[in-house]
Amino acid sequence: MSIQPGQLLPDIEIRAIDGEIRTARTGELFARRKVALFAVPGAFTPTCSNKHLPGYVTHYTDFTARDIEVMCLSVNDAYVMQAWASAQHVPAGMQLLADGNASFTRALGLELDGSGYGMGIRARRFALYAEDGVVRLLQVEAPGELRVSTAEAMLEAIASLA
């Protein structure tokens with residue numbers, strides 16, 4: 001079963017990229033702040049690179065104007081995520097999280113078996129909103145869709161929580 005609203009995000013070691021690569025704990029990354037976290041199945045893949053991440057880049061200031069930090073998660077290594085951030089012109093302050101072994105993704109219960117496509121275990125496409133590490137909103141995409149986890153959908157859903 002996947003994590004649900006009202007639950008605390010798991011505290012797992014992960015690689016955070018905001019220009020540079022650093023080791024961090026998810027408990028620290030989400031503590032004492034509001035965060036919109038979205039996950040993609042893979043950096044440099046078509047939908048992720050052409051639609052999902054660009055939407056959050058475009059709307060980054062809409063989130064920060066509401067004091068919401070934005071983070072992008074993928075089951076890729078930190079060097080791939082760093083190169084993807086550079087190629088996608090990710091703004092300073094938007095962190096990419098490299099979950100190379102899918103430890104955080106599995107702890108969330110949001111993994112996807114992409115073995116049939118040569119991708120192994122990946123994150124399902126989803127977005128969540130958390131305050132002080134507690135999930136307030138979770139939007140998981142149906143297979144092959146990009147609707148409920150877009151930046152626009154999350155901004156609207158977060159606004160409806162108030």
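User: How much space lies in the largest pocket?
Analyst: About 470 Å³. Keep in mind that this is a predicted model.

User: Which residues are closest to the centre of that pocket?
Analyst: Pro 41, Leu 112, Arg 125, Pro 143 and Gly 144, out of 18 residues that line the largest pocket.

User: And how do the lining residues divide by type?
Analyst: There are nine nonpolar, four polar and five charged residues in the lining.

User: Which helix gives the most to the lining?
Analyst: Helix α2, residues 46–58, with three residues.

User: Okay, on to Tyr 56. Where does Tyr 56 lie, and is Tyr 56 buried or exposed?
Analyst: Tyr 56 is in helix α2. Tyr 56 counts as buried because its relative accessibility is 0%, and the cut-off for buried is under 20%.

User: What is Tyr 56 in contact with, leaving aside neighbours within four places in sequence?
Analyst: Phe 38, Phe 63, Val 70, Met 94, Ala 127, Ser 149, Thr 150, Ala 151 and Met 154. With Thr 150, the Tyr 56 side chain reaches the backbone oxygen at 3.4 Å.

User: How far apart are Tyr 56 and Val 90?
Analyst: In sequence, 34 residues; in space, 8.9 Å from C-alpha to C-alpha.

User: Are Cys 48 and Cys 72 buried or exposed?
Analyst: Cys 48 is buried, at 1% relative accessible area, and Cys 72 is buried at 0%.

How values were computed:
Residues numbered from 1 in each chain as written. Predicted model: local features only at pLDDT ≥ 70, side-chain atom pairs only at ≥ 80, totals over all residues. Heavy atoms only, no water. 1 Å grid on protein atoms, 1.4 Å probe; cavity = no way out; pocket = protein on both sides within 12 Å on 5 of 7 lines; lining within 4 Å. Points joined across faces, edges and corners; volume = space filled by probe spheres on them. Helix = DSSP H or I, 4+ residues; strand = E, 2+ residues; numbered from the N terminus. Nonpolar A, V, L, I, M, F, W, Y, C, P; charged D, E, K, R; others polar. Buried < 20%, exposed > 50% of the residue type's maximum accessible area, 1.4 Å probe, protein only. Contact = heavy atoms within 4.5 Å. Polar contact = N/O pair within 3.5 Å; in protein donor to acceptor, adjacent residues only side chain to side chain.
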